[in-house]
Amino acid sequence: MNNPKISIIVPVYNVEKYLSKCLNSLINQTLAELEILCVNDGSTDNSAKILADFAKIDSRIKVFFQENSGQSAARNLAIERATGEYLGFVDSDDWVDLDYFEKLYNTAKKYDCDIACAGFKRCKRFRSPIKKAFKETKIYSNINDKVLIDKLPHHNYLWNKIYRRDKWDFKFTEGRIFEDMAILIKILFKYDKMVTVPNTYYNYRKTQGSTVTLASKKSKEDFNWARKELYSFAEQNGITLPKYKSFNKKETFKFCGITILKIYHYRDVRKYKLCGFIPLLEYECW
């Protein structure tokens with residue numbers, strides 16, 4: 001395809017259970033002028049075959065292979081090969097609304113913006129799926145406004161946006177997880193105008209095996225590294241960030257498989273939520 005409007009980057013690693021839903025949501029987008037760059041990051045399950053099958057039925061899908069090197073390396077590889085006017089990122093266990101990229105692209109072009117930002121939903125039972133929703137189309141140019149509307153440092157998500165490719169000169173830090181936390185603030189700082197796009201959503205799936213939920217030593221080390229990168233950059237460039245509450249653990253109480261109560265333990269605060277999402281009580285502890 002000549003001059004695709006958006007290059008969609010999809011790192012793939014052992015997601016045979018979810019990959020077809022992800023790819024179906026991309027090939028059926030109402031915006032046709034896309035290229036879909038899938039990087040198989042050394043998968044050992046059926047992911048490679050699923051990619052091959054989809055590539056046979058849709059020429060917009062381009063499949064690349066690398067030894068298992070992580071999501072950052074996969075993204076870097078795909079960005080080098082991207083030719084679209086904008087870049088978009090989709091994790092391979094997630095999916096997007098069918099009008100998602102059309103609305104983001106058309107809004108970015110209409111208002112001549114470097115970034116278009118959508119709301120997102122989380123796939124989880126017994127809970128309202130909407131985690132962020134925009135009620136209006138609005139343009140933000142000031143970095144502190146962009147940080148505020150994007151809810152940094154708590155929502156460091158790269159995937160609910162598209163980015164003008166000719167301004168992209170970033171590389172993801174390979175060998176790390178939580179890399180979005182380290183890089184997103186730098187992108188928002190460099191790029192000029194960002195526009196919010198209502199009524200379309202990125203849908204993400206929080207799975208037990210995902211890198212962001214693993215409570216390993218490396219996960220904690222990389223989180224601390226990414227948080228330090230985030231706050232150091234903000235301080236150096238005069239960006240206002242709220243204090244990040246240090247999260248320690250979460251207790252969940254269920255009855256017949258249904259969540260009745262969750263207690264979130266922070267360093268100096270306890271938060272009680274009925275059914276896991278209805279604020280019930282919060283108190284400080286020293």
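Reader: In which sense do E2 and strand E3 pair, and over how many bridges?

Author: First, the ground rules. This is a predicted model, in which local features need pLDDT of at least 70 and side-chain atom pairs count only at pLDDT 80 or more, while totals for chains, interfaces and linings use all residues. Residues are numbered from 1 along each chain as its sequence is written, and side-chain values use heavy atoms, with hydrogens and water left out. Helices (H or I, at least four residues) and strands (E, at least two) are DSSP runs numbered from the N terminus, and two strands pair if DSSP finds at least two bridges between them. Here E2 and E3 (residues 61-66) pair in the parallel sense over 6 bridges. Within that pairing, Ile-61 of E3 is the bridge partner of Ile-36.

Reader: Which residue in E2 stands opposite Ile-9?

Author: Leu-37 does. Strand E1 (residues 6-12) also pairs with E2 in the parallel sense, over 7 bridges. Between E1 and E2 the chain passes through helix H1 (residues 19-27), and this β-α-β crossover is right-handed. A crossover is called right-handed if, with the strands pointing away from the viewer, the path from the first strand over the helix to the second runs clockwise. A right-handed β-α-β unit is also made by E2, helix H2 (residues 47-57) and E3.

Reader: Which residues point one way from E2, and which the other way?

Author: In a regular strand the side chains alternate between the two faces of the sheet. In E2, one side has Leu-34, Ile-36, Cys-38 and Asn-40, and the other has Glu-35, Leu-37, Val-39 and Asp-41. All of them are buried. Buried means under 20% relative accessible area, exposed over 50%, and partly exposed in between (1.4 Å probe, protein chains only). Because 8 of the 8 residues of E2 are buried, the strand is largely enclosed by the rest of the structure.

Reader: With which side chain does the side chain of Glu-35 make a polar contact?

Author: A polar contact is a pair of N or O atoms within 3.5 Å; within protein, one must be able to donate a hydrogen and the other to accept it, and residues adjacent in sequence count only if both atoms are side-chain atoms. The partner of Glu-35 is the side chain of Lys-62, at 2.9 Å. Glu-35 has 3% relative accessibility, so it counts as buried.

Reader: How far apart are Gln-66 and Asp-41 in sequence and in space?

Author: They are 25 residues apart in sequence and 5.3 Å apart in space, C-alpha to C-alpha. Gln-66 belongs to strand E3 and is buried, with a relative accessible area of 15%. Contact means heavy atoms within 4.5 Å. Leaving aside neighbours within four places in sequence, the contacts of Gln-66 include Val-39, Asp-41 and Leu-77.

Reader: How many disulfides does the structure hold?

Author: A disulfide is a covalent bond between the sulfur atoms of two cysteines. The test used is a pair of cysteine sulfur atoms within 2.5 Å. The structure holds 0 disulfides. For Cys-22, the closest cysteine sulfur is in Cys-38, at 7.3 Å, which is too far for a bond. Cys-22 is buried, at 0% relative accessibility, and Cys-38 is also buried, at 0%.

Reader: How many residues has the largest nonpolar core?

Author: In soluble globular proteins, nonpolar side chains tend to be buried together. A nonpolar core is a set of buried Ala, Val, Leu, Ile, Met, Phe, Trp, Tyr and Cys residues joined through side-chain atoms within 4.5 Å. The largest one here has 40 residues, and those with the most contacts inside it include Phe-89, Trp-168 and Ile-185. Helix H6 (179-190) is among the elements that each supply at least two residues, and the largest share, 7 residues, comes from H6. Not counting residues up to four places away in sequence, Ile-185 touches residues including Leu-152, Leu-230 and Phe-233. Apart from this core lies another, of 36 residues, among them Ile-8, Val-12, Leu-34 and Tyr-204.

Reader: Which residues does a cis peptide bond join?

Author: It joins Leu-152 and Pro-153, with omega about 10 degrees. Pro-153 lies in the loop between H5 and strand E9 (161-164).

Reader: Is Asn-199 buried or exposed?

Author: Asn-199 is exposed, with a relative accessible area of 58%. This residue lies in strand E10 (residues 194-205), and its phi is positive, about 65 degrees, although it is not a glycine.
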